[in-house]
2 protein chains.
Amino acid sequence: MAKIEVAYDQYAQETIRAIGKGVLLASRDAGGRPNTMAIGWGTVGSVWSRPMFVVLVRHSRYTHECIDATGDFTVNVPYPQMADDVEFCGTVSGRDHDKFAERGLTAAESATVASPYIEECGLVYECKVVQYTDVVPENFAPEVISEFYTGGDFHRVYFGQILRVAVDEDFATRLGLT
Amino acid sequence: MAKIEVAYDQYAQETIRAIGKGVLLASRDAGGRPNTMAIGWGTVGSVWSRPMFVVLVRHSRYTHECIDATGDFTVNVPYPQMADDVEFCGTVSGRDHDKFAERGLTAAESATVASPYIEECGLVYECKVVQYTDVVPENFAPEVISEFYTGGDFHRVYFGQILRVAVDEDFATRLGLT
């Protein structure tokens, strides 16, 4: 299915709703090998007068190394029937699994970044990191610390300028939006 | 006009589009005095399994002191005809102006946070800060530094958990959404 470019905010609502169910962050390691992980957190909007996708990645994750290697990532919004793929990609590490091969996913060449996009996903954001910082342990509300960080391993925050958004030609129809 | 509570993501698309044109961040200082500033940057989504509004405020701003005093803020999406109010609130400081009085804006009591909301705005997000961190000067893409930070004065990043979203009953009609 060919993908067509759309405005960065055309599917913002669907993307924000999809994030809670899990979307796929795709990247490439220093050797060029594609990698992906599931994320359930992220925000979309505009910062530094640029369309922006903010994602958080724990320091322990392989994706962290990959994003640091290339300075970019893609966010891939899966179709609802790909829930098993998302769960798998959120369970194992790219350090010892080729998640693309094991799940029959296709790492396609992005138009604007080194990170691949996932062909089987209907909606893709190509993002270049323009700032990264770390969450500060002592600046958390206590309920967030107790829920997510009892083992430490805090998150890095990546601000990814959205360079391109592309969707399957029949994306809206498949999601029942039209 | 009475405001009614809606799902946090019901107007995400309209909010993301409004951010670029300017929305109003409202807060309250340590003495209880309401304050507001215009922001053109922000992102909406889900982080730490919570609906989240991410905003950035320069350290020099009066709003920075206010948010640090209360630990919360509101984001107020104005109607298009309020463009002059937004411009004014982005030009002068709450340190030496009562922007509410000078623009005839009403600081109303929020349901869940100390910060007021702006009655004249159609759509309001009440947000509690659950994490804050600072951008890191050396982690910027060079084009962002040269465009926004030649004078320093870097931004603090506030992650505001969205506790409540409320809209004017006729919000959708007034924006031509229905």
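Modeller: Just after α2(B), B:G71 takes a positive phi of about 75 degrees. The model is predicted: local features need pLDDT of at least 70 and side-chain atom pairs count only at pLDDT 80 or more, while totals for chains, interfaces and linings use all residues. Residues are numbered from 1 along each chain as its sequence is written, with chains lettered from A and ligands numbered from 1 in the order in which they are written.

Helix α2 of chain B spans residues 62-70 (helices are DSSP runs of H or I, at least four residues; strands are runs of E, at least two; both are numbered from the N terminus). In α2(B), B:T63, B:C66 and B:I67 are buried, meaning 20 or more other C-beta atoms, placed from the backbone, within 10 Å of their own. These residues lie on the same side of α2(B) because they cover an arc of only 95 degrees around the axis, taken from the directions from the helix axis to the C-beta atoms. An α-helix has 3.6 residues a turn, so residues three or four places apart point the same way.

The cover over the buried residues of α2(B) includes strands of chain B: β2 (23-28), β3 (34-39), β5 (50-58), β6 (72-77), β9 (123-134) and β10 (155-168). Contact here means C-beta atoms, placed from the backbone, within 7 Å.

Between the chains, A:A12, A:Q13 and A:I16 in α1(A) meet B:A12, B:Q13 and B:I16 in α1(B).

Note on methods. A residue is buried if 20 or more other C-beta atoms lie within 10 Å of its own, exposed if 12 or fewer, and partly exposed in between; C-beta atoms are placed from the backbone. Two residues are in contact if their C-beta atoms, placed from the backbone, lie within 7 Å.
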